[in-house]
Amino acid sequence: MSSNLVLETGTLVLVNLTGKVKDTNEPIETTVEEEAKSLGIYDPSKRYEPRLISVGEGWVIPGIDEALKQASVGEKVSIDIPPEKAFGQRDAAKIKLIPLRKFGEKAHEIAVGDEVEYEGRVGVVRFVGSGRVQVDFNHRLAGKVLTYTIEVVKKLEDPLEKVLFLTRRWINVDEKKVVVAVEDKTVKIQLPEETYLFEGLQISKRGISRDIFKHLPEVDKVLFIEEYRSEKGKEEK
């Protein structure tokens, strides 16, 4: 059953996406396990589930953002997205000839098709010869029309759900291991001990807090609770 209410900017939704290059049917991505298997891009180490998106806030490419503003919950739609609303047109100025020696001791390993990093940018090697490397810094999907199938699975309205999904946006953890509570104007988040040494954890906490303040404007405090248990305590739990 679909809801015909237009999704406002800033609405949190869970969305299933499947994207392909229109002309070639080359798969780009999917959040649906069955689709991944049928497209030949299934990764057993990946968790397939609807993606959290804040409508109209640039969490996805502009073409998807625009479609979501007109989407109905529970309805599946297919859209074509032109380059200017996806990854832009190809830009000849982003194709550079670079002296091979600039790549140091790894220069002799460089081959056509390799991804290389140069001056903080990542590009694809298009040609190697005469002591130079031609590197294309355009996005690999630049200039291509994309076809996406989009289904808004759910609109998040419950504060606890919002906190949980915003937390998982920043920290890849099983939601069953995260304990959240919303009391008055305070959000409490207890992460599992396995996350305490994650690289960039403090940055992630700041990001979670920022997202919560934005999407739950009634909240004015976020508390992160760390709990350590002895081996005996863990067994009792």
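1. A nonpolar core here is a set of buried Ala, Val, Leu, Ile, Met, Phe, Trp, Tyr and Cys residues joined through side-chain atoms within 4.5 Å, where buried means under 20% relative accessible area, exposed over 50% and partly exposed in between (1.4 Å probe, protein chains only). In this predicted model, the largest such core has 23 residues, and Ile-64, Tyr-148 and Ile-150 have the most contacts inside it. At least two residues each come from strand 1 (12-21), helix 2 (62-69), strand 4 (76-81) and strand 9 (146-155); helices (H or I, at least four residues) and strands (E, at least two) are DSSP runs, numbered from the N terminus. There's also a second, separate core of 22 residues, with Leu-12, Val-173, Leu-191 and Ile-208 among them.

2. Before going on, some housekeeping. Local features need pLDDT of at least 70 and side-chain atom pairs count only at pLDDT 80 or more, while totals for chains, interfaces and linings use all residues. Residues are numbered from 1 along each chain as its sequence is written, and side-chain values use heavy atoms, with hydrogens and water left out.

3. Have a look around Ile-150. Leaving aside residues up to four places away in sequence, Ile-150 is in contact (heavy atoms within 4.5 Å) with residues including Val-15, Leu-17, Ile-64, Ala-67, Leu-68, Val-77 and Ile-79. Asn-16, Glu-75 and Lys-76 are also touched by Ile-150.

4. On to charges: the whole structure has 18 salt bridges, meaning a side-chain nitrogen of Lys or Arg within 4 Å of a carboxyl oxygen of Asp or Glu. Arg-47 and Glu-175 make one at 2.7 Å, N to O. The partners are 128 residues apart, with Arg-47 in the loop between helix 1 (33-39) and strand 3 (51-54) and Glu-175 in the loop between helix 3 (159-170) and strand 10 (179-183). Arg-47 is partly exposed at 42% relative accessible area, and Glu-175 is partly exposed at 25%.

5. Glu-66 and Lys-85 form another salt bridge, with their closest N and O atoms 2.9 Å apart. Glu-66 sits in helix 2 and Lys-85 in the loop between strand 4 and strand 5 (95-99), so this pair ties together parts 19 residues apart in sequence. Glu-66 is partly exposed at 40% relative accessibility, as is Lys-85 at 32%.

6. Glu-161 and Lys-154 also meet in a salt bridge, at 2.7 Å, N to O.
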